[in-house]
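Okay, thanks for making time, everyone.

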Amino acid sequence: MEMEKLVSLCRRRGFLFQSSEIYGGLNGFWDYGPLGVELKRNVKSAWWHDMISGHDELTQQPGAPSTYEMVGIDSAIIMHPHVWKCSGHYDLFHDMMVDCRQTNKRYRFDQVRGRWAEAKGQKVFVSTVAENEQQEIERQAQKLFKIRAKNADQISWDGAITTLDQLDDLSQVLGPDASEPGTLTEPREFNLMFKTIVGAMGTDEDAAFLRPETAQGIFVNFKNVLDSTRVRVPFGVGQIGKSFRNEITPRNFTFRSREFEQMEIEFFCHPETSRDWYEFWRDRRMKWYTDLGLASDRLRLRDHDQEELSHYSTGTADIEYAFPFLPEGEFGELEGIAHRGDFDLRSHMEGKLDPTSCPLEVETTEDGKPLYKGSGRDLTYRDDISGERFTPHVIEPSSGADRANLAFLCEAFTEDEVPDDKGKMQTRTLMRFHPRIAPIKAAVLPLVKKNGMPEVAKEIYQALKKQFSVFYDEKGAVGRRYRRQDEAGTPFCITVDGQSLDDQTVTVRDRDSLEQSRVKINDIVEEIADRISSYSSRE
Ligand code: GAP
């Protein structure tokens with residue numbers, strides 16, 4: 001699938017718009033249009049229902065070590081600055097970046113890639129951040145050496161395309177947008193948290209941060225949840241909310257944005273069973289995506305290698321999707337499932353822990369005090385049956401609502417060939433969303449705008465509307481109305497025709513198979529409910 005086609009459909013049909021578009025847009029920020037907001041709400045509602053509110057705490061789930069409970073919270077976006085000191089984000093949540101002194105552009109160090117090129121007695125490392133890197137590097141080199149494309153073989157190439165960290169120094173590097181080599185600065189750390197000021201004084205003391213993850217809101221409320229509910233370990237707390245990261249190079253549509261939404265669970269369990277719970281959550285989260293229609297050959301579960309793991313983690317896996325904007329064979333992260341040990345609760349109890357040391361140690365000032373004092377609150381748990389007191393271990397399935405949304409959009413985009421009214425084959429674009437997440441579940445269409453058909457259609461629309469998101473459309477040729485619904489991803493179209501007035505039936509058209517069947521008007525609400533619940537992805 002070509003990404004440009006999807007991006008254009010998203011804009012044309014109101015799934016996604018660039019933020020502040022009339023002012024030229026703001027890089028890394030996106031607005032959801034009327035169809036997009038329904039899609040994203042459905043994705044979030046499916047997550048909230050399947051993970052939190054619909055969880056059956058009385059029945060042991062397949063693969064789970066025991067039964068467990070789930071609750072939700074909604075914490076503030078701006079939290080006490082100490083939260084980020086103790087979580088490690090204040091000191092460690094950064095990317096390395098390089099600046100170009102010539103163009104004043106800034107790049108993520110690990111995203112600048114290039115290759116050595118030599119011509120006219122000069123050897124330069126020509127770099128780019130573009131997706132079509134090979135072509136871009138060649139184009140840049142031709143420009144630099146003033147060699148026409150037809151004479152491109154005058155340039156000799158040395159080695160494969162690599163990242164900048166393979167070089168000893170950057171003095172021979174031609175920056176991605178520069179016209180001469182040697183304009184990139186040495187890499188520097190760049191903290192990804194957005195800073196803001198709380199209150200009217202505006203001093204540095206009032207500095208606060210927009211949260212870069214929703215997770216910390218759960219950790220700092222661990223005791224509140226325990227004290228205000230009857231939950232017992234093992235239990236999970238879920239949260240859906242906005243997070244903010246000042247990404248150096250936001251890119252790939254909504255994949256890497258500066259403002260995005262996360263759907264996170266912190267699952268608290270006994271240290272002895274934590275590995276089993278980790279495996280349970282890894283598989284459960286993977287199944288959630290496939291159940292909602294992400295094809296298994298484009299989705300994969302990738303366990304992190306030992307070197308990729310944080311020192312406190314005994315396991316982390318990513319659920320990844322082969323997004324069409326990535327090079328063939330590459331996957332992008334949709335969700336991470338991490339075994340976090342007791343790192344977070346201990347950090348918020350005891351103070352900032354030095355994350356580079358193992359075993360855990362409290363980083364101290366010269367006079368032996370923790371560098372960042374923790375809350376000092378007791379965040380341990382006492383099991384009221386066994387009497388045992390321990391700091392729970394945490395399993396964290398952390399997913400991005402916008403990335404999930406993007407994966408569902410990419411997966412849904414389909415083109416097929418269908419005959420038009422005159423039997424001529426035409427390309428049809430359809431969004432094959434699973435009906436659970438489809439923005440509109442059914443469209444009601446009177447065949448013509450006369451002979452009593454609109455009246456019957458409006459009654460059907462109103463009956464369905466009580467239960468589902470439905471759309472009424474009486475304008476234009478019915479074939480065109482079907483096409484519009486196909487592009488919106490509406491799984492079912494209900495058409496009222498001449499026969500409807502005689503025998504009280506309507507046709508139901510299936511978006512994917514194009515099959516039409518007659519259904520009694522009195523049964524239509526039940527029929528649509530059945531079709532939604534019995535739907536499974538049909539290849
Ligand atoms: N609490 C753990 C945590 O935040 P993460 O891997 O940094 O882990 C979790 O983020 C998920 O949030 C990612 O898998 C991704 O789906 C989403 N996410 C992270 N950064 C994002 C960004 N800049 N734009 C869109 N989604 C993002």
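Predicted model: local features only at pLDDT ≥ 70, side-chain atom pairs only at ≥ 80, totals over all residues.

As for handedness, H11 goes past H14 in a right-handed crossing.

Now over to H2, which is residues 34–53. What is the angle between H2 and H10? For H2 and H10, residues 401–412, we get about 115 degrees, with the axes 10 Å apart. So these two are roughly perpendicular to each other. The crossing of H2 and H10 is right-handed.

H2 also packs with H8, residues 274–291, and here the angle is about 140 degrees and the axes are 12 Å apart. Roughly antiparallel would need an angle over 145 degrees, so H2 and H8 come out as oblique. Their crossing is right-handed.

Right, on to the ligand. How many residues surround the ligand? There are 18, and the closest are Glu213, Arg245, Glu247, Glu264 and Glu333. If you sort that shell by class, you get nine charged, five polar and four nonpolar residues.

The side chain of Glu264 has an N or O atom 2.6 Å from a nitrogen atom of the ligand. With Gln262, a side-chain N or O atom is 3.0 Å from a ligand oxygen. Gly400 comes in through its backbone instead: an N or O atom there lies 3.0 Å from an oxygen atom of the ligand. On its own the ligand has 550 Å² of accessible area, and the protein covers 89% of that.

Which elements give two or more residues to this shell? They're strands: E14 (259–269), E17 (332–341) and E20 (393–400).

Last topic, some backbone details in the loops. Have a look at the peptide bond from Val233 to Pro234: it's cis, with omega near 10 degrees. Pro234 lies in the loop between helix H7 (222–228) and strand E13 (235–244).

And then there's Lys146. Is its phi positive or negative? Positive, at about 55 degrees, although Lys146 isn't a glycine. You'll find Lys146 in the loop that runs between helix H5 (133–145) and strand E8 (156–163).

That's my tour, so over to you for comments.

Methods: Residues numbered from 1 in each chain as written. Heavy atoms only, no water. Near = heavy atom within 4 Å. Polar contact = N/O pair within 3.5 Å; in protein donor to acceptor, adjacent residues only side chain to side chain. Areas by Shrake-Rupley, 256 points an atom, 1.4 Å probe, with all protein chains shown as cover. Helix = DSSP H or I, 4+ residues; strand = E, 2+ residues; numbered from the N terminus. Nonpolar A, V, L, I, M, F, W, Y, C, P; charged D, E, K, R; others polar. Axes fitted to C-alpha atoms, helices over the stretch in contact; angles between N-to-C directions. Parallel < 35°, antiparallel > 145°, perpendicular 65-115°, else oblique. Left-handed = near helix turned anticlockwise from the far one by under 90°.
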